Amino acid sequence: MCVCPGPGRIAIPVRSSRLPLFSDAMPAPTQLFPLIRNCEIGRIYSTVCYCHHKHLCCLSPHLAHNHLRCASQKKLATLCSPKENFNQFIHAKSYVSTPQRFYLTPPQVNSILKANEYSFKVPEFDGKNVSSVLGFDSNQLPANAPIEDRRSAATCLQTRGMLLGVFDGHAGCACAQAVSERLFYYIAVSLLPHETLLEIENAVESGRALLPILQWHKHPNDYFSKEASKLYFNSLRTYWQELIDLNTGETTDVKEALINAFKRLDNDISLEAQVGDPNSFLNYLVLRVAFSGATACVAHVDGVDLHVANTGDSRAMLGVQEEDGSWSAVALSYDHNAQNEREIERVKLEHPKSEEKSVVKQDRLLGLLMPFRAFGDVKFKWSIELQKRVIESGPDQLNDNEYTKFIPPNYHTPPYLTAEPEVIHHKLRPQDKFLVLATDGLWETMHRQDVVRIVGEYLTGVHHQQPIAVGGYKVTLGQMHGLLTERRARISSVFEDQNAATHLIRHAVGNNEFGTVDHERLSKMLSLPEELARMYRDDITIIVVQFNSHVVGACQNEEF
């Protein structure tokens, strides 16, 4: 059974003798707590399919052999209850026999929030160019165990510019991990001039040291897969060899390079899974990467030229400071899901008229997948025959996994899914102060305008106070005084975070109904056990890129 908060990406129930724990009319989260009292959460969790609420059912290793079946949308809607039920949880006192209060202390909260934070300050002059990027802050807060989000940041060494990206995995973290390691290399190679590609190829042929292509900016937890490095290098080399052969002598267009890199990496992920590998570990790895999936939102910044390439439903939001000092949010990406009418039209036009009612159903691709663009997810790209051949010839772990053998309904004219990104180009202006790249775990909890305002006020230290909104609540004079006191305390402690992404996560997880950080709520949310955390929020990954307005202004004047 799939327990999934909010609008689920896909839900495929697990066949189990213990399913009667939940009845069709029993909303899962609100009924879990009496069972927690009896220490039964471990037993419950072993019977449910760990589900990424907008993507595929995420099969953790201990669930790999569970049997999966489809269920009707009506039944799933009954089982999947919204994250808003968290309010029922935090106010309920009857789910334990002896009510106990346990709150994390502020230092403990800070320790959790800052565990994955990373900051990088860009030298104003790197020996070649004056950078329009002052630096960036990034952070991650897991909900899944292990976290399925990834992040990457790197400086292009053989061309100009900086690359930053967030990657949201589903059905496991394998695809997101692979894309976070590999995509920037594909982009960098796509941007290289013909002469540099020849120089790199000649160095490989002669066994000489290669020119460094990227300088990575990584948190210690952001690892690379050493076992797959040779395989990944060989695929990348084949790509640059083809670019050498296809040389047109024209200057590479950034938008075209981004699109080509996304599509080529996705093609290589598919091909590696089809060919397999003699090494059993690598063979299983490439199959896990291909059968899981990931969305990606990547920014390339070069002077005043900002390109954002997006595949899926992570977002890029530009923070613009108006003349009066207030903040405006400008979207530089569009979600690729059923909320985007253009995406629905695109998908329908790519398939026969006879599939018009089935290709997008219940706001999902084939009634199952929420994002309409993603890396991996070969179950929505390969033919049925190819899927069967790869699974039958694959390792036992794959052949015994019911999810990999499951064929989506109304699967007639694949591929239904693409990794091709939508690229938006924006010329930076002095009023464009920062860019927020974030997975959907952030945007589900906060409106884009609030995100930009909070980051803008954090970076400048200037707070434009809005009238306190009580949202229809009846508030006494004493309660209003308390809210104003909280606001003043919040302003005085705003600089307790040294990282803009951390500050934003604090608000995303701890904001109360009045828009202020509530330590009690923050403590409770961070205290939730792994089995429950995913029911009320998603993994959150954020990169905040700060621009150098002086450099941007100077570059803008030079162009005129």
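**Figure 1. Helices and strands of the predicted chain.** Helices (H or I, at least four residues) and strands (E, at least two) are DSSP runs, numbered from the N terminus. By this rule the protein chain holds 21 helices and 17 strands. The model is predicted, so that local features need pLDDT of at least 70 and side-chain atom pairs count only at pLDDT 80 or more, while totals for chains, interfaces and linings use all residues. Residues are numbered from 1 along each chain as its sequence is written, and side-chain values use heavy atoms, with hydrogens and water left out.

Figure 2. Among contacts (heavy atoms within 4.5 Å) with a separation of 6 or more, 76% join residues 24 or more positions apart.

**Figure 3. The second largest cavity.** On a 1 Å grid over the protein atoms alone, a cavity is a set of points where a 1.4 Å probe fits but cannot get out, and its lining residues have an atom within 4 Å of a point.

**Figure 4. Lining of the second largest cavity.** Residues lining this cavity include Tyr118, Phe136, Arg151, His217, Asp222 and Ile543. Two or more lining residues come from each of β4 (133–141) and β5 (149–156), and β5 gives the largest share, 3 residues.

How values were computed:
On a 1 Å grid over the protein atoms alone, a cavity is a set of points where a 1.4 Å probe fits but cannot get out, and a pocket is an open set with protein on both sides within 12 Å along at least five of seven lines; lining residues have an atom within 4 Å of a point.
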